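Please read them with the structure open.

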Amino acid sequence: MKQFFLDSIAKIKGAWANWSIVKRSIFIGVIALIVLVLIGLSSLNTRQPPVSIFSAPVADMALQERISGRLESENINYSISSDGTRFFVNDERTARKARALLVREGINLGQMDPWALFDIERWNQSDLLNNVNLQRSLQKQIQIHIESLEDVDRAEVSLAFPREKFLDPTQFPVTASVTIMPRPGSDISDINSRDGQRKVRGLQDLVRFAVPQLLPENIVITDNWGVRLNDFENSSFRDMDDRVKSAMQRKQQMEQNFIVKIRDSLNTIYPGRIQVLNIDLTLDNDLVKEKSIEVTPIILKPRTPGLPYDDSQFVDRVKISEQISSVEFSGTGFNPQGPPGQEGNTPPAYQDLQNTTGIYNQNTSSINYIVNQATRETEKTPGSTQRLTASVAIDGVWQFVYDEKGQPILEDGGRRRKREFIPASAEEIQKLQELVQDALGYDPLRQDNVTVHAIQFDRNNQQLEEDSAYRADLERAIIIKWSTFAFVFLVVALILYRFAMREAARKRREREEEANRQHQAMREAALRSLEQEKAPLEASAADKARMELQENAIMMARERPEDVAQLIRTWLSEEN
């Protein structure tokens with residue numbers, strides 16, 4: 001087999017060598033064309049088919065142009081079918097995006113027209129079928145609306161229309177159930193999130209307003225895990241708990257801030273003498289909306305800028321219409337009688353007043369004025385202070401008692417210094433109360449109460465620590481005093497000792513030098529005596545070396561007497 005392949009390769013090489021350049025080019029072109037065809041076929045097989053934006057055809061030309069213009073403005077690549085009634089995009093994601101965009105623009109065909117069921121004409125059309133088609137169309141329309149939302153991937157809607165019974169108190173209400181599948185990353189299914197609750201409320205309102213006679217309590221919205229999302233009663237309780245916790249935290253934080261503010265500010269004025277016992281705030285945490293009507297004057301001429309006085313002109317009202325009516329009557333009064341031949345019912349007293357002349361005047365005036373009226377709606381921010389109470393205690397001043405020499409008087413066996421307590425004066429307490437009131441924003445209309453009392457604090461532990469520190473300072477001063485004296489004494493003694501040792505060493509060196517000089521003189525005398533005798537015999541080599549060494553030692557002793565003395569002391573100590 002191997003030889004067969006080798007022979008085949010050899011034949012191909014021989015044929016390739018015999019071919020001309022034209023044949024080689026044609027062969028390479030055919031191979032390249034085959035490769036390109038294969039690549040094209042594989043790409044056609046792997047390419048996804050286009051996705052239709054709307055499965056229902058769009059026959060209206062104006063609507064087709066509107067859809068094309070909106071897709072082009074958003075840079076969405078699309079294609080149109082040969083008949084021009086269907087629009088295609090590359091993938092399902094782009095189709096959902098285009099569908100949501102067109103729904104927001106009012107172009108809502110959906111996957112299919114929800115109301116196309118009514119376009120089919122049947123000869124056996126009945127009310128029941130129309131009701132079923134209405135229910136199906138509403139469900140499909142609501143599903144399309146929900147799926148067009150950015151946070152919803154897929155939705156299922158079910159509506160229940162009970163049979164209407166005239167004047168039936170047990171009539172079942174219209175109900176709706178909605179199941180949504182949130183998109184990944186969406187917070188619409190987070191029932192503890194405020195944004196998620198707001199989105200679910202919007203979804204509930206969308207369903208409620210789309211179905212007639214549908215009440216919010218008859219709508220159930222769940223996610224794909226079966227968790228109900230529009231259970232706002234429990235969420236309202238959670239919101240109430242959050243509001244209560246937030247209000248308590250705000251109250252504690254504000255009270256703590258007030259305490260720190262007053263304590264830090266007053267401790268710089270009265271160091272260690274101020275104690276804030278308590279600050280209690282009553283906060284208004286209710287959400288209140290107020291509506292007020294304000295009537296202001298009508299300005300005819302505004303104030304001229306730069307003038308030292310106000311030259312503006314205004315009126316409190318302007319007449320817009322007036323109606324005046326006047327009625328006058330004069331002449332003989334008419335007293336009606338009964339039928340002919342019969343007396344009337346007029347009493348005799350009024351019959352004497354017949355044929356009298358009367359005058360009747362009536363004037364009516366109606367004037368309509370207009371005023372400058374404005375309606376203002378304000379929302380009261382929660383957290384305002386309703387009432388404030390504070391209690392502050394101030395201590396007096398402890399002063400040491402000194403004798404005539406300016407020394408503190410001691411008591412308790414010399415363990416304590418005598419002190420005298422001076423309480424805070426009434427004027428000082430009044431000033432402190434005014435400072436605290438201004439710092440807290442005191443308002444008598446809110447029935448605020450700020451109390452400041454002079455109280456003697458318990459300073460026993462502090463005084464014991466001060467006396468202990470005082471005694472420690474005294475003991476430390478005594479120790480430092482005697483330590484300094486001992487140090488000076490030791491320094492002086494050391495200096496005297498060093499001086500004495502140097503003097504003794506100097507005298508010892510002088511004695512040694514004197515002894516060396518005497519020895520040297522004796523040796524020189526002996527040498528001179530030997531020279532004078534002129535000994536005939538010359539000294540031996542050993543004697544000459546010893547004499548040379550002796551001369552060198554003498555020279556060294558003269559030049560460096562201290563080293564020689566130290567060397568001699570070392571020899572003596574070794575011999576001993």
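**Notes on the model**

1. An open sheet of 3 strands has the order E4-E5-E6, and its pairing is mixed. Strands E4 (152-160) and E6 (214-223) are the edge strands, each pairing on one side only. Averaged over the sheet and with direction ignored, neighbouring strands are turned by 20 degrees against each other. Strands are DSSP runs of at least two residues (E), helices are runs of at least four (H or I), and both are numbered from the N terminus. Two strands count as paired if DSSP finds at least two bridges between them.

2. The basis of these notes is a predicted model, in which local features need pLDDT of at least 70 and side-chain atom pairs count only at pLDDT 80 or more, while totals for chains, interfaces and linings use all residues. Residues are numbered from 1 along each chain as its sequence is written, and side-chain values use heavy atoms, with hydrogens and water left out.

3. Strand E5 (residues 174-182) is joined to E6 by 6 bridges, and the two run parallel. Val174 stands opposite Leu214 in E6. Val178 likewise has a residue opposite it in E6, namely Ile221. From E5 the chain crosses through H6 to E6, a β-α-β crossover that is right-handed. The term means that, with the strands pointing away from the viewer, the path from the first strand over the helix to the second runs clockwise.

4. Helix H6 (residues 194-210) lies across E5 and E6 and runs at about 130 degrees to E6. Such angles run from 0 to 180 degrees between N-to-C directions, with axes fitted as lines to C-alpha atoms, for helices over the stretch in contact. In the loop between H6 and E6 is Gln213. Its phi is near 60 degrees, a positive value in a residue other than glycine. Gln213 counts as exposed, because its relative accessibility is 67%. The cut-offs for relative accessible area are under 20% for buried and over 50% for exposed, with partly exposed in between (1.4 Å probe, protein chains only).

5. Which strands does H5 touch? H5 packs on the sheet against E4 and E5, and its direction makes about 155 degrees with that of E4. Gln139 is found in this helix, which spans residues 127-147. Gln139 counts as buried because its relative accessibility is 17%. Leaving aside neighbours within four places in sequence, Gln139 is in contact (heavy atoms within 4.5 Å) with Val157, Ser158 and Leu159.

6. Asp151 sits in the loop between H5 and E4. Is Asp151 buried or exposed? Its relative accessible area is 19%, so Asp151 is buried. A polar contact of 2.7 Å joins its side chain to that of Ser186. A polar contact is a pair of N or O atoms within 3.5 Å; within protein, one must be able to donate a hydrogen and the other to accept it, and residues adjacent in sequence count only if both atoms are side-chain atoms. Not counting residues up to four places away in sequence, Asp151 touches Pro182, Arg183, Ser186, Asp187, Ile188 and Lys199.

7. Pro184 belongs to the loop between E5 and H6. Its relative accessibility is 81%, so Pro184 counts as exposed. The C-alpha atoms of Pro184 and Asp151 are separated by 8.4 Å, and the two residues are 33 apart along the chain.

8. Another open sheet of 3 strands has the order E1-E3-E2, with antiparallel pairing. Strands E1 (51-52) and E2 (79-80) stand at its edges, each with a single partner strand, so one side of each has no neighbour in the sheet. E2 and strand E3 (residues 87-89) are joined by 2 bridges and run antiparallel. Ser79 stands opposite Phe88 in E3.

9. Asn75 lies in the loop between helix H3 (61-73) and E2. Its phi is near 60 degrees, which is positive in a residue other than glycine. Asn75 is exposed, with a relative accessible area of 69%.

10. Of its 576 residues, 21% count as buried. Among contacts between residues at least 6 apart in sequence, 65% join residues at least 24 apart.
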